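Subject: Handing over a structure

Hello,

Here is the structure I promised to pass on. Please open it first, then read my notes below.

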Amino acid sequence: MAFLTDRKRAQGAGSGREGTHHHWQMIASSIALVFIVPVFILMIGGGLGESHDEVTEYFSRPFPAIFTGLSLVVLMLHLMREAQAAIEDYMHGIAQKLTLIAAEAFSYAVIAAGLFALAKIAL
């Protein structure tokens, strides 16, 4: 019977380099979303049932436009990091790499499209 130290048992079980950084990123964006999401829902809820022109006028004002852009960016970056964690946990090999690339590309594409649409409305 071979005697294994705690270090020997843990060797090869995974890296401990980026987990803390990822954890703090998720904590920070979660706390930001706790405050951003209710305000965003109230802003969007206020425009329900309004005409297209009234909604366009509302989002052409600075605060709703900037806050909607902020909400979009923070939410999509949080979603991207969460998807990255899930993909790294459950996929391996080339499929993992391709799925990570697809998830990141999708997130940035949604951010770009949303900010572009918001800029067209606001300007």
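Leaving aside its neighbours within four places in sequence, which residues is Ser107 in contact with? They are Met76 and Met80. Contact here means heavy atoms within 4.5 Å.

A word on the basis before the rest. This is a predicted model, in which local features need pLDDT of at least 70 and side-chain atom pairs count only at pLDDT 80 or more, while totals for chains, interfaces and linings use all residues. Residues are numbered from 1 along each chain as its sequence is written, and side-chain values use heavy atoms, with hydrogens and water left out.

Confidence

pLDDT is the predictor's confidence in each residue, from 0 to 100. Its mean over the chain is 90. A value of 70 or more is reached by 93% of the residues. Among the elements, helix 5 has the highest mean, at 96. Helix 1 (residues 6-10) has the lowest, at 74.

Overall build

The chain has 5 helices and 0 strands. Both kinds of element are DSSP runs, numbered from the N terminus: helices are H or I with at least four residues, strands are E with at least two. From the N terminus on, the order reads α-α-α-α-α. The chain is more spread out than a compact globule, because its radius of gyration is 21 Å, well over the 14 Å that the globule rule gives for 123 residues. That radius is taken over C-alpha atoms, and the rule is 2.2 Å times the number of residues to the power 0.38. Along the principal axes, the C-alpha atoms fill a box of roughly 80 × 30 × 20 Å.

Buried residues make up 19% of the 123 in the chain. Buried means under 20% relative accessible area, exposed over 50%, and partly exposed in between (1.4 Å probe, protein chains only). The chain exposes about 9,200 Å². Carbon and sulfur atoms supply 69% of that area. Accessible areas come from the Shrake-Rupley method with a 1.4 Å probe; for residues, only the protein chains shown count as cover.

Now the contacts between residues at least 6 apart in sequence. Of these, 75% join residues at least 24 apart.

Charges come next. The chain has 8 positive and 10 negative charges, and their mean positions are 18 Å apart. Lys and Arg count as positive, Asp and Glu as negative; His and the chain ends are not counted. Each charge is placed at NZ of Lys, CZ of Arg, CG of Asp or CD of Glu.

Helix 5

Back to Ser107, which lies in helix 5 (residues 93-122). Is Ser107 buried or exposed? Ser107 is buried, because its relative accessible area is 4%.

Ala103 is also found in helix 5. Ala103 counts as partly exposed, at 22% relative accessibility. Asp53 is 50 residues from Ala103 in sequence, and their C-alpha atoms are 35 Å apart in space.

Thr99 is in helix 5 too. With a relative accessible area of 28%, Thr99 is partly exposed. Beyond four places in sequence, Thr99 is in contact with Ile87 and Met91. Ser51 is 48 residues away from Thr99 in sequence and 40 Å away in space, C-alpha to C-alpha.

Leu72 sits in helix 4 (residues 62-90). Leu72 is partly exposed, at 21% relative accessibility. Not counting residues up to four places away in sequence, Leu72 touches Val110, Ile111, Gly114 and Leu115.

Thr56 is in helix 3 (residues 52-59). Thr56 is partly exposed as well, at 26% relative accessible area. From Thr56 to Leu72 it is 16 residues in sequence and 18 Å in space, C-alpha to C-alpha.

Best wishes
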